[in-house]
Amino acid sequence: MLMPVLALLGGLILLVWSADRFVEGASTTAGHFQVPPLLVGMVIVGFGTSAPEMVVSTLAASQGTPGLALGNAWGSNIVNIALILGVTAMVAPIAVKSVILRKELPLVTAVTLLAGWLAWDGELGHADAWLLLGVFAAVTAWSIIEGLRGSDDALATETAAELQAHAMPLPRSLMWVAVGLVVLVGSSQLLVWGAVQIAQSLGVSDLVIGLTVVAIGTSLPELASCVAAARKGEHDIALGNVLGSNLFNSLAVVGIAGAISPVAIEPEVLTRDFPVMLGLTIILFAMGWGFRGRKGRINRFEALALLAVYVGYTGWLFTTLKPAA
């Protein structure tokens with residue numbers, strides 16, 4: 001067990017470091033080519049922060065453990081909303097000013113419902129996967145259009161400030177993109193091997209490892225960037241990171257994994273994990289959208305409730321464990 005644990009921990013540490021370098025390099029490179037800040041915030045940062053989930057799930061599916069891929073994607077969505085936004089809003093309550101993010105909230109909810117509908121028959125086959133990837137292409141096209149014309153949005157202003165604060169020469173930006181990507185792939189390979197070995201040693205399914213340890217690990221880049229953004233008062237960046245990541249996870253991450261290898265959906269996923277993910281998404285929509293004159297925001301009381309949901313879900317997960325088949 002020692003080597004798998006060391007591989008898992010080492011993989012997580014390198015994964016967080018490489019994802020941060022990759023996002024920073026990609027964002028500043030885009031700035032050098034005059035890509036609008038809103039487009040950077042919606043597409044490039046969203047892709048970059050979901051790169052760990054994408055690489056880990058792709059490797060897991062290609063190595064015959066699609067349960068780990070699904071657990072990583074859906075588990076990361078749960079972690080993003082309940083744990084990351086909960087911790088972030090405890091640091092500083094999140095106020096939603098961006099019109100673009102208000103448009104993304106119902107989109108994330110609809111995508112979550114679509115993912116659940118496709119999984120309801122007990123399998124995410126190749127046709128389901130390609131449908132998810134087709135929707136992902138459409139969402140990406142919409143994001144690009146919105147990013148090109150929404151220059152006065154609050155998210156654009158905050159992203160522009162971040163790009164200026166982290167400016168670097170183009171050669172250095174390109175170097176970090178290359179280094180970040182290489183280390184990201186290598187660390188993901190290490191993490192997947194360690195996670196599978198630990199799951200087999202403990203006699204639990206790779207789905208459970210994906211929902212817990214791997215989901216938290218691949219979501220750490222979002223946690224770091226969200227907390228940093230909240231401390232600077234960049235609330236829309238914090239929420240935008242989570243919404244973008246959840247869209248990528250539900251569509252691209254699961255879609256790529258399913259296109260490589262059909263994913264069998266265990267019954268408890270539909271009765272335990274998906275309802276939690278959907279419920280949290282609906283709660284986030286209600287908090288972020290704002291109703292009856294209430295502006296969209298997540299205050300500390302709501303943050304505490306999100307954290308309580310995550311603790312309760314994790315406890316429920318471990319009380320319903322069953323040996324791997």
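E146 is buried, at a relative accessible area of 5%. Here "buried" means under 20% relative accessible area, "exposed" means over 50%, and "partly exposed" is whatever falls in between, with a 1.4 Å probe and protein chains only. Before going on, keep in mind that this is a predicted model: local features need pLDDT of at least 70, side-chain atom pairs count only at pLDDT 80 or more, and totals for chains, interfaces and linings use all residues. Residues are numbered from 1 along each chain as its sequence is written, and side-chain values use heavy atoms, with hydrogens and water left out.

Back to E146. Its side chain meets that of K103 in a salt bridge (3.6 Å, N to O). The term stands for a side-chain nitrogen of Lys or Arg within 4 Å of a carboxyl oxygen of Asp or Glu. This pair ties together distant parts of the chain, since K103 belongs to helix α4 (residues 99–119) and E146 to helix α5 (residues 126–149), 43 residues apart. Helices (H or I, at least four residues) are DSSP runs, numbered from the N terminus. K103, for its part, is partly exposed at 37% relative accessible area.

How many salt bridges does a search of the whole structure find? It finds four. Another of them joins the side chains of D20 and R21, at 2.5 Å from N to O. D20 counts as partly exposed because its relative accessibility is 39%, while R21, at 17%, counts as buried. D273 forms a salt bridge with R272, and their closest N and O atoms are 2.8 Å apart. Both D273 and R272 are buried. Bridges with shared partners also link D20, R21 and E24 into one network.

Now for helix α1 (residues 2–32), where you'll find S18. S18 is buried, and its relative accessible area is 0%. Leaving aside residues up to four places away in sequence, S18 touches G180, V183, L184 and S187, where a contact means heavy atoms within 4.5 Å. Q34 sits in the loop between α1 and α2 (37–62), and it is exposed, with a relative accessible area of 66%. Its phi is near 60°, a positive value in a residue other than glycine. Most residues other than glycine have a negative phi.

Next, the nonpolar cores. A nonpolar core is a set of buried Ala, Val, Leu, Ile, Met, Phe, Trp, Tyr and Cys residues joined through side-chain atoms within 4.5 Å. The largest one here has 65 residues, and L70, W74, L85, L124, I265, L284 and I298 have the most contacts inside it. Helix α9 (residues 235–260) gives the most to this core, eleven residues in total. Apart from it lies another core, with 24 residues, including L12, A60, V196 and I198. As for L124, its contacts include L70, L132, V254 and I265, not counting residues up to four places away in sequence.

Finally, look at helix α3 (residues 66–91) and helix α11 (residues 300–319). They pack at an angle of about 145°, with their axes 8 Å apart. Axes are lines fitted to C-alpha atoms, for helices over the stretch in contact, and angles run from 0 to 180 degrees between N-to-C directions. Among the residues that meet are I78, L85 and M90 in α3, and L304, L307 and Y310 in α11.

Conventions:
Helices (H or I, at least four residues) and strands (E, at least two) are DSSP runs, numbered from the N terminus.
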